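User: I'd like a close look at how charged side chains pair up in this model. Take me through it slowly, and say how far the prediction backs it up.

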Amino acid sequence: MIDVKEFSYEHIDSFNEALEELVSTEGEFYPGRRSDKEFYNRVYLQNKFGCKTFIALKNNIVVGYVILHSKNNLADIEMSYVKKNFRKNGVAKSMNQHLEKYCIENNTKEINTYAHYDNLRSEEHTSELQSRFGISYAV
């Protein structure tokens, strides 16, 4: 079973393991910008810019996460990641269902998601998730 909840520092070590996998296996998402755990910890986990980080846990280990930025009833999915060994096991679906519930409870009217312009694999995956969950988007 996958449990999705807001990040707390009791899971920092497990979160950093997932983040290390992202950085080492997926490459940098934003060329020229630091792609390391200190950057993500500073910007996202310390809630800079109004971001919330939600983690997917299996046996109390972080197996995925999604970072949401919301303001004025609009939300942007800044980043989502599922560890390789846990893909195709409903982790992304659980995170998306949790985000949807969170956004409804917080009166969010629109959720946006993006793929970096040169990250074609991410764009294909984003499109697949959007169609699977019935999310529409504009390019």
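Analyst: First, a term you'll need: helices (H or I, at least four residues) and strands (E, at least two) are DSSP runs, numbered from the N terminus. This is a predicted model, where local features need pLDDT of at least 70 and side-chain atom pairs count only at pLDDT 80 or more, while totals for chains, interfaces and linings use all residues. Residues are numbered from 1 along each chain as its sequence is written, and side-chain values use heavy atoms, leaving out hydrogens and water.

Now the pairs. Side chains of opposite charge can pair when their charged atoms come close. For a salt bridge, the cut-off is a side-chain nitrogen of Lys or Arg within 4 Å of a carboxyl oxygen of Asp or Glu. That rule gives two salt bridges.

Let's take the one inside a helix. Lysine 101 and glutamate 105 meet through their side chains, at 3.9 Å from N to O. Both sit in helix α3 (residues 91–105), and because they are four residues apart there, about one helical turn separates them. Lysine 101 and glutamate 105 are both exposed; on this scale, buried means under 20% relative accessible area, exposed over 50%, and partly exposed anything in between (1.4 Å probe, protein chains only).

The other salt bridge joins glutamate 6 to lysine 52, at 3.3 Å from N to O. This pair ties together distant parts of the chain, with glutamate 6 in strand β1 (residues 3–6) and lysine 52 in strand β2 (residues 51–58), 46 residues apart. Glutamate 6 has a relative accessible area of 39%, so it's partly exposed. Lysine 52 is at 23%, which means it's partly exposed as well.

What about sulfur links? Searching the whole structure turns up zero disulfides (a disulfide being a pair of cysteine sulfur atoms within 2.5 Å). Cysteine 51 is buried at 4% relative accessibility, and cysteine 103 is buried at 2%.

Threonine 108 is buried, with a relative accessible area of 16%. Leaving aside residues up to four places away in sequence, it touches Asn73, Leu74, Ala75 and Cys103, where contact means heavy atoms within 4.5 Å.

The protein's mean is 77, and 63% of its residues reach 70 or more.

Technical notes:
pLDDT is the predictor's confidence in each residue, from 0 to 100.
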